[in-house]
Amino acid sequence: MQITEHIASLSEEGRLLAAAAEQAGPGASVPTCPGWQIRHLLRHTGMVHRWAAGFITEGHTAYHPDGGEPDLDGAELLAWFREGHRHLVRSLEEAPADLECWTFLPAPSPLAFWSRRQLHETTVHRVDAESALGGPLTPVSADRAADGIDELLTGFHARPKSRVRSDRPRTLRVRAVDTAATWTVRISEAPPQAVRTAGEGSAEDVDCELSGTAEGLYLALWNRLPLTAVTLRGDRAVARLWTDNSAVT
């Protein structure tokens, strides 16, 4: 996906998140984030939006701490969230192509990194907000979902802080049936190593395969849908190893 597409999608996802949060109300439980209510979701996501915008607008070239979550609630909290989201979108739209600032995953450029990262951050939390309503979720296109899977598997979980580890080497295949994307994830005592290939992937035997639509896999790998939302073949313990240890911090 291009940077402009990421930013446009980020703009829409933030609007959808706010609309769902407003409809649900600040005290509604968020089933995809046990222990959270909508107010917690808005405070967290709004804080992340402002934190990210600070790197883009202020050009921090090293890690810079966030400003913390506000002690706001109700209509005031919702307005604060919307203001911060609009500021993030504007910051990305107005940023120069040669933007220089800190990032924490490999990317073609800082602008590419932050537009992609904030799109998926907001999409996943939009799903959280809509889950509080108990109705259908707004669909995620196959291309965008595959992009999010790629960021999660080859970016987040390639970092030393990934807790997806196994004393005995295991191999997980993730296959999006509505795209040309397949990922092979090697799990060991080291951080997982994921390789993306086109088509069905290699013919090698794997311990477990998860297959389904890119959207279903995207949300299941982010633990926003249960494993029953996708097709599992092989050793279920390998899939549980993922779901029990893959929460991103």
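These legends describe close-up views of a predicted model.

**View 1. The largest pocket and its centre.** This pocket has a volume of about 730 Å³. Its lining counts 31 residues, and the closest to the centre are H44, E121, F156, V248 and T249.

**View 2. Helices around the largest pocket.** Two helices, α2 (38-58) and α4 (110-131), each supply at least two residues of the lining. The largest share comes from α4, with six residues. Sorted by class, the lining of the largest pocket has 16 nonpolar residues, nine polar ones and six charged ones.

**View 3. The second largest pocket and its centre.** About 240 Å³ of space lies here. The lining of the second largest pocket is made of 17 residues. Nearest its centre lie P106, A107, P108, A112 and R116.

**View 4. Helices around the second largest pocket.** The most comes from α5, with five residues. By class, the second largest pocket is lined by eight nonpolar, five polar and four charged residues.

**View 5. Two cysteines, C33 and C101.** Are these residues buried or exposed? C33 has a relative accessible area of 11%, so it counts as buried, the cut-off being under 20%. C101 is buried too, at 9% relative accessibility. A disulfide is a covalent bond between the sulfur atoms of two cysteines. How many disulfides does the structure hold? It holds zero.

Methods: Residues numbered from 1 in each chain as written. Predicted model: local features only at pLDDT ≥ 70, side-chain atom pairs only at ≥ 80, totals over all residues. Heavy atoms only, no water. Disulfide = S-S within 2.5 Å. Buried < 20%, exposed > 50% of the residue type's maximum accessible area, 1.4 Å probe, protein only. 1 Å grid on protein atoms, 1.4 Å probe; cavity = no way out; pocket = protein on both sides within 12 Å on 5 of 7 lines; lining within 4 Å. Points joined across faces, edges and corners; volume = space filled by probe spheres on them. Helix = DSSP H or I, 4+ residues; strand = E, 2+ residues; numbered from the N terminus. Nonpolar A, V, L, I, M, F, W, Y, C, P; charged D, E, K, R; others polar.
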